[in-house]
Amino acid sequence: MFVGGVRAQHEQQVRSRIEALRRGGTVADDGQFRVSPSIVPSLITALRDSNPNVRIFSATTLGRVGSEARSAVPALAIAVTDDDNVDVRTTAATALGNIGPVAESALSALMKAFNDRGSRREFLSSPYYAV
């Protein structure tokens, strides 16, 4: 029972962190989650969270901010090349693409990650690659 209690507590902490990040956005009339650029600094910090689910959520949300998340490009580039979780790396790569041309400075990090044989295989097999 103790293990289940610890797991539940951990999951609640993760949900709390994600909810705190979500508060920086709004739900539009069409049901889509819109993100305020004002939470970009918090999302950049969350890219270094110990929980990969928080890092994935942060990268995804930064991609939704779009070009106004240009200050996150260096942190996302580091996530693409250095994160130990393939899903975080692929989500960060997708976020850079969603940020658009202002993320051009991350192109060398993307090429480095994709040219690494192991990373290429991981990227292509990750469910986040299709997102």
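Which side chains meet in a salt bridge at 3.5 Å, N to O? I looked this up and found Arg55 and Asp84, taking a salt bridge to be a side-chain nitrogen of Lys or Arg within 4 Å of a carboxyl oxygen of Asp or Glu.

**Entry 1: ground rules.** I am working on a predicted model, in which local features need pLDDT of at least 70 and side-chain atom pairs count only at pLDDT 80 or more, while totals for chains, interfaces and linings use all residues. Residues are numbered from 1 along each chain as its sequence is written, and side-chain values use heavy atoms, with hydrogens and water left out.

**Entry 2: overall make-up.** I noted seven helices and two strands in the protein, where helices (H or I, at least four residues) and strands (E, at least two) are DSSP runs numbered from the N terminus. Read from the N terminus, the order of the elements is α-β-β-α-α-α-α-α-α. Of the 131 residues, 40% are buried; for this I use under 20% relative accessible area as buried, over 50% as exposed and the range in between as partly exposed, with a 1.4 Å probe and protein chains only. The accessible surface comes to about 7800 Å², and carbon and sulfur atoms hold 53% of that surface; the areas come from the Shrake-Rupley method with a 1.4 Å probe, and for residues only the protein chains shown count as cover. Among contacts (heavy atoms within 4.5 Å) with a separation of 6 or more, 59% are between residues 24 or more positions apart.

**Entry 3: the salt bridges.** I counted two salt bridges in the structure. One of them joins the side chains of Asp83 and Arg55 at 2.7 Å, N to O. Asp83 sits in the loop between helix H4 (73-82) and helix H5 (86-99), whereas Arg55 belongs to helix H3 (residues 52-65), so this pair ties together parts that are 28 residues apart in sequence. I then returned to the pair of Arg55 and Asp84: with Arg55 in H3 and Asp84 in the loop between H4 and H5, the parts tied together are 29 residues apart in sequence.

**Entry 4: helix packing.** Two packed helices are described by the angle between their axes and the distance between the axes. I use lines fitted to C-alpha atoms, for helices over the stretch in contact, with angles running from 0 to 180 degrees between N-to-C directions. The axes of H3 and H5 come within 7 Å and cross at roughly 10 degrees, which makes H3 roughly parallel to H5, given that angles under 35 degrees count as roughly parallel, over 145 as roughly antiparallel, 65 to 115 as roughly perpendicular and the rest as oblique. On the H3 side I listed Pro52, Arg55, Ile56, Ala59, Thr60, Leu62 and Gly63, which meet Asp87, Val88, Thr91, Ala92, Ala95, Asn98 and Ile99 in H5. The residues of this contact of H3 with H5 divide into eight nonpolar, four polar and two charged, where Ala, Val, Leu, Ile, Met, Phe, Trp, Tyr, Cys and Pro count as nonpolar, Asp, Glu, Lys and Arg as charged, and the others, Gly among them, as polar.

For H4 and helix H6 (residues 107-115), I found axes that come within 9 Å and cross at roughly 10 degrees, and the two helices are therefore roughly parallel to each other. Ala77, Val80 and Thr81 of H4 make this contact with Ala109, Leu110, Lys112 and Ala113 of H6, and these residues divide into five nonpolar, one polar and one charged.

**Entry 5: single residues.** Leu62, placed in helix H3, is buried with a relative accessible area of 0%. Not counting residues up to four places away in sequence, Leu62 touches Val40, Leu43, Leu47, Ala69, Ala72, Leu76 and Ile99. Its C-alpha atom is separated by 6.3 Å from that of Ala95, 33 residues apart along the chain.

Val80 lies in helix H4 and counts as buried at 1% relative accessibility. Val80 and Ala92 are 12 residues apart in sequence and 5.7 Å apart in space, C-alpha to C-alpha.

Ser71, in the loop between H3 and H4, is partly exposed at 49%. Leaving aside neighbours within four places in sequence, I found Ser71 in contact with Val40 and Ile44.
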